Amino acid sequence: MTNLTTFGLSDEQQMFRETVGRMAQEKIAPRAADIDESGDFPWDIVELFREYGLMGVAMPEEYGGGGADLLTFCIAVEEVAKVCATSSLIIAAQHLGAMPILIAGNKEQKQRYLPAVAQGDRLSAFGLTEPEAGSDAGGTKTRAVRDGDEYVLTGSKVFITNGGLAKTMVVFASTDPSLGTRGISAFIVELDQPGVSVGRIENKMGIRGSQTAQLLFDNVRVKASNRLGQEGEGFKIAMRTLDRTRPGIAAQALGIAQGALDVAVDYLYQRQQFGTPLSQFEGLQFMVADMQTQVEASRQLLYRAAEIIESAGFESHATPEVTRYSAMAKLMCSDTAMRVTTDAVQLLGGYGYIRDYPVERMMRDAKITQIYEGTNQIQRLVIFRNMNHGGV
Ligand code: CAA
């Protein structure tokens, strides 16, 4: 898909937005409160996404994906997140799990693992974070020790989206602890094998239908042919992955913000106090004007980031611009989501605080977007490190 512009979408992208938006409003919105309340992973939504070709929408067609560009992918995530953040994470997490393979996999690895992920037959996961290696991803303790034509993996990963459900995962493990980040390697691991077990399943504030779990690796044997790139390239593969996936989290945040804003505006026109609709009160109009402005500014930054990252391609090495725009989009959209959803709860007053309206869920869901795929403190650090002197 071409004809990307910063300030508008191509006709094809506009039609895609309408199709996904309609599907989300009709089929996902009615499920959202229940998914949140039950905390059960919504397999029915996976089926729906499979039907609409969304599980691998931005994966290459030759590997069973939809071949869409990053902006189109962001539009899909945004539209779904307007009504259900958990559901939007299904698309984003599948993209994240596949990205290291897309970036660093050889043809055989791609042919072997991507089609099932792109089609949604197998869920995927991204195994970077550890108990002692969160923001400091280079502090990876999981070990991979070479044994003939295999590696033996031992260690644990935490806060894994799709943990316990995913069957394909890229695990980052140290092959040489003396080399720090340069001693980390990446492996495609099939999770339905001896030695892999599921530890703690987290009880979360938001995105409650998404399963987040600890995974334990006890002498898990992985073929050397499942290593992505060379030994020691894992950390850079992880960073390049995040450069290309943080916009997905930005899109999720943007969708949550837009969804909350839509609910709040509708409410202001319906709810009367002091004999007049709330929409007539200037103080509330000013709040909504700020929310709208923040949402639109965030959208434009995200779409610009998507355009820049897309033009760099999957296999290119990072440029400071790609890394910076990815982090800026994630930072701005997620901060906007937190502010806008908090204000939406305020605008609905007591009704905002109870579960009859979706805004309290949206506020809980928004919070994680400031934390995962790198906290916003880390995004600021990344932005500063990737600014040219002079800041342009
Ligand atoms: N692309 C390519 N290479 C990169 C890079 C990038 N974007 N960023 C850094 N590198 C390279 C550096 O050039 C350096 O290379 P050399 O060894 O050749 O010099 C190497 O990687 C080490 O870089 P740094 O010295 O900058 O590393 P650092 O230890 O200071 O850490 C960091 C950098 C940015 C803080 C990084 O650790 C980071 O991003 N932390 C956050 C981790 C994160 O986002 N975790 C989220 C987990 S996923 C998740 O949440 C998913 C979920 O389930 C939803």
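A polar contact here is a pair of N or O atoms within 3.5 Å; within protein, one atom must be able to donate a hydrogen and the other to accept it, and residues adjacent in sequence count only if both atoms are side-chain atoms. The model is predicted, so that local features need pLDDT of at least 70 and side-chain atom pairs count only at pLDDT 80 or more, while totals for chains, interfaces and linings use all residues. Residues are numbered from 1 along each chain as its sequence is written, and side-chain values use heavy atoms, with hydrogens and water left out.

View 1. A polar backbone atom of Ser-135 lies 2.8 Å from a nitrogen atom of the ligand. A nitrogen atom of the ligand is also 3.5 Å from a polar side-chain atom of Thr-323, and an oxygen atom of the ligand is 2.9 Å from a polar side-chain atom of Arg-385. Taken alone, the ligand exposes 1100 Å², of which the protein buries 75% (Shrake-Rupley method, 1.4 Å probe).

**View 2. The shell around the ligand.** The ligand is surrounded by 25 residues (each with a heavy atom within 4 Å of it), and the closest are Ser-135, Thr-161, Arg-182, Lys-236 and Glu-373. Strand E3 (150-161), helix H6 (234-270) and helix H10 (376-385) are the elements that give two or more residues to this shell; helices (H or I, at least four residues) and strands (E, at least two) are DSSP runs, numbered from the N terminus. H6 provides the largest share, seven residues. By class, the shell has eleven nonpolar, seven polar and seven charged residues, where Ala, Val, Leu, Ile, Met, Phe, Trp, Tyr, Cys and Pro count as nonpolar, Asp, Glu, Lys and Arg as charged, and the others, Gly among them, as polar.

**View 3. A network of salt bridges.** A salt bridge is a side-chain nitrogen of Lys or Arg within 4 Å of a carboxyl oxygen of Asp or Glu, and by this rule the count comes to 22. Arg-17, Glu-78, Glu-79, Lys-82, Glu-296 and Arg-299 are linked in a network of such bridges. Glu-78 and Arg-17 are both buried (under 20% relative accessible area; exposed is over 50%, partly exposed in between; 1.4 Å probe, protein chains only). Glu-79 forms a salt bridge with Lys-82, their closest N and O atoms being 2.8 Å apart, and Glu-79 and Lys-82 are likewise buried.

View 4. The side chains of Arg-304 and Glu-307 meet in a salt bridge at 3.0 Å, N to O. Because they are three residues apart in helix H7 (residues 282-312), Arg-304 and Glu-307 are separated by about one helical turn. Arg-304 counts as partly exposed at 31% relative accessibility, whereas Glu-307, at 14%, counts as buried.

**View 5. Cysteines without a disulfide.** The structure holds zero disulfides (pairs of cysteine sulfur atoms within 2.5 Å). The sulfur of Cys-74 is 8.7 Å from the closest cysteine sulfur, in Cys-333, and is therefore too far away for a bond. Cys-84 is in no disulfide either, the nearest cysteine sulfur, that of Cys-74, being 18 Å away. Cys-74 is buried, with a relative accessible area of 0%, and Cys-84 is buried with a value of 2%.
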